[in-house]
Amino acid sequence: MPAISGQWVELLSETRAFFQGAIFQKHHYFSTLGSNNTSGGGDEQKETISVTFVSKDGEEIPIRVPIGTSMLEAAHQNDIELEGACEGSLACSTCHVIVMDMEHYNKLEEPSDEENDMLDLAFGLTETSRLGCQIIARPELDGIRLAIPAATRNFAVDGYVAKPH
């Protein structure tokens with residue numbers, strides 16, 4: 001029995017390494033680092049920025065986000081209700097956020113055609129709307145404020161009915 005258990009752990013380690021190395025290659029800024037903000041050694045990879053999510057109820061939720069982490073990933077790591085049904089693959093608009101000030105919006109890279117196509121489906125679209133999976137933490141985005149819309153549109157094939165956050 002211990003040999004089977006040992007093989008299982010080894011398989012999980014190989015699987016984890018595969019996912020960390022392969023799935024996230026699309027976003028060169030994407031990080032597989034955890035949200036551990038302990039300061040030890042001043043490692044450049046652990047540098048964080050300040051991000052404030054504003055819930056549909058107006059509650060402000062300030063968090064620290066490691067450089068290279070998407071806002072979708074940061075929201076999930078901090079138990080912030082941002083759906084992300086397609087897990088950041090640009091196949092939905094459920095991680096739609098609204099950048100609350102033009103100064104930070106103008107510092108973002110231009111949205112791709114794929115992102116714009118998904119944003120066209122988003123609930124409550126504004127001029128500063130973006131997908132959370134496409135906003136990657138960079139030092140110049142320190143202090144960014146992101147509003148979460150009151151609802152999402154999730155066009156799942158299996159008959160799932162979207163519900164407001």
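A disulfide is a pair of cysteine sulfur atoms within 2.5 Å.

**Entry 1: basis.** I worked from a predicted model, in which local features need pLDDT of at least 70 and side-chain atom pairs count only at pLDDT 80 or more, while totals for chains, interfaces and linings use all residues. Residues are numbered from 1 along each chain as its sequence is written, and side-chain values use heavy atoms, with hydrogens and water left out.

**Entry 2: cysteines.** I looked for disulfides and found zero in the structure. For cysteine 86, the closest cysteine sulfur is that of cysteine 92, and the 3.6 Å between them is too far for a bond. I then checked burial (under 20% relative accessible area is buried, over 50% exposed, in between partly exposed; 1.4 Å probe, protein chains only). Cysteine 86 counts as buried because its relative accessibility is 19%. Cysteine 92 is also buried, at 11%.

**Entry 3: serine 129.** I located serine 129 in strand β4, residues 129-131; strands are DSSP runs of E, at least two residues, numbered from the N terminus. Its relative accessibility is 3%, so serine 129 counts as buried.

I next examined polar contacts (N or O atoms within 3.5 Å; within protein, one able to donate a hydrogen and the other to accept it, with residues adjacent in sequence counted only if both atoms are side-chain atoms). The side chains of serine 129 and histidine 96 make such a contact at 2.7 Å. A polar side-chain atom of serine 129 also lies 2.7 Å from the backbone nitrogen of threonine 126.

Finally, I listed contacts (heavy atoms within 4.5 Å). Leaving aside residues up to four places away in sequence, serine 129 touches His96, Val97, Ile98, Tyr105, Leu119 and Gly124.

Terms used:
Helix = DSSP H or I, 4+ residues; strand = E, 2+ residues; numbered from the N terminus.
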